[in-house]
Amino acid sequence: MTYETTRRTVLLATGATGATALVAACGGGGDDNGSESTSSPTGQDATSAPGGQVLADIDEIPVGGGKIFKDEEVVVTQPEQGQFKAFSAICTHQRCLVSTVSDGTINCPCHGSKFRVADGAVAHGPATRPLPSEKITVEGNSVRLT
């Protein structure tokens, strides 16, 4: 018995493979809306210690404000003394890079959207979605992107 490969067979097989890959890529992984913040002093060198890239010393992040890391597209905030949060620095309105952190908000220069430093929630539109949180850890005096 001989099987002949037809155009239809190839297209069906290719479509099924693509659909399987798409479903696998979209599945899994929980939706963790909180950013991780831990404090555990270590004696290791901050730039070579495991656990992620060092972004800043904790004293570089002002209380009630934050600092934008353009290359990493992350903004780290300190809503209250010793409480650190991290969010995407890409505005959810039209994907502009936020430019400032002041008066308790992360501010986008493109259309005036503002996001709260405590949770990334929209404080002023036109954005309608909060800034996605990013994972950070605080080790000793260092804030690390994990």
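**Figure 1. Glu139 and Arg144 reach each other through their side chains.** A polar contact of 2.8 Å joins the side chains of Glu139 and Arg144. Like every view here, this one comes from a predicted model. The pair also counts as a salt bridge, with the closest N and O atoms 2.8 Å apart. Glu139 belongs to strand β9, which covers residues 136-139. Are the two partners buried or exposed? Arg144 is buried, with a relative accessibility of 2%, and Glu139 is buried as well, at 16%. As a general point, side chains of opposite charge can pair when their charged atoms come close.

**Figure 2. Glu60 and Lys67 form another salt bridge.** Searching the whole structure gives 2 salt bridges, and this view shows the one between the side chains of Glu60 and Lys67, at 2.8 Å from N to O. The side chains of Glu60 and Lys67 are also listed as a polar contact of 2.8 Å. Glu60 sits in the loop between β1 and β2. Here Glu60 is partly exposed, with a relative accessible area of 36%, and Lys67 is partly exposed too, at 29%.

**Figure 3. Asp59 sits in a loop.** Where is Asp59 placed in the chain? Asp59 is in the loop between β1 (53-57) and β2 (66-69). With a relative accessibility of 67%, Asp59 counts as exposed.

**Figure 4. Cys96 and Cys110 are joined by a disulfide.** The whole structure holds 1 disulfide. This bond links Cys96 to Cys110, with 2.0 Å from S to S. The link is left-handed, with -110° about the S-S bond. The pair ties together distant parts of the chain, 14 residues apart. Cys96 is in the loop between β4 (83-88) and β5 (100-102), and Cys110 is in the loop between β6 (105-107) and β7 (114-116).

Figure 5. Cys91 is in no disulfide, and the nearest cysteine sulfur, that of Cys108, is 3.8 Å away. Cys91 is buried, with a relative accessible area of 2%, and Cys108 is buried at 7%.

Figure 6. The largest nonpolar core has 14 residues. Which of its residues have the most contacts inside it? They are Ile68, Val75, Val98, Val101, Ile106 and Phe115. Zooming in on Ile68, and leaving aside residues up to four places away in sequence, you can see that Ile68 touches Val74, Val75, Ala89, Val98, Ser99, Thr100 and Val101. A second, separate core has 12 residues, among them Leu55, Phe69, Val74 and Leu145. In soluble globular proteins, nonpolar side chains tend to be buried together.

**Figure 7. Stepping back, the whole chain puts the close-ups in context.** How many helices and strands are there? The chain has 1 helix and 10 strands. Read from the N terminus, the order is α-β-β-β-β-β-β-β-β-β-β. Of the 146 residues in the chain, 32% are buried. The chain exposes about 9000 Å², and carbon and sulfur atoms supply 52% of that area. Among contacts between residues at least 6 apart in sequence, 46% join residues at least 24 apart.

Terms used
Residues numbered from 1 in each chain as written. Predicted model: local features only at pLDDT ≥ 70, side-chain atom pairs only at ≥ 80, totals over all residues. Heavy atoms only, no water. Helix = DSSP H or I, 4+ residues; strand = E, 2+ residues; numbered from the N terminus. Buried < 20%, exposed > 50% of the residue type's maximum accessible area, 1.4 Å probe, protein only. Contact = heavy atoms within 4.5 Å. Areas by Shrake-Rupley, 256 points an atom, 1.4 Å probe, with all protein chains shown as cover. Core = buried A, V, L, I, M, F, W, Y, C linked by side-chain atoms within 4.5 Å. Salt bridge = Lys/Arg side-chain N within 4 Å of Asp/Glu carboxyl O. Disulfide = S-S within 2.5 Å. Polar contact = N/O pair within 3.5 Å; in protein donor to acceptor, adjacent residues only side chain to side chain.
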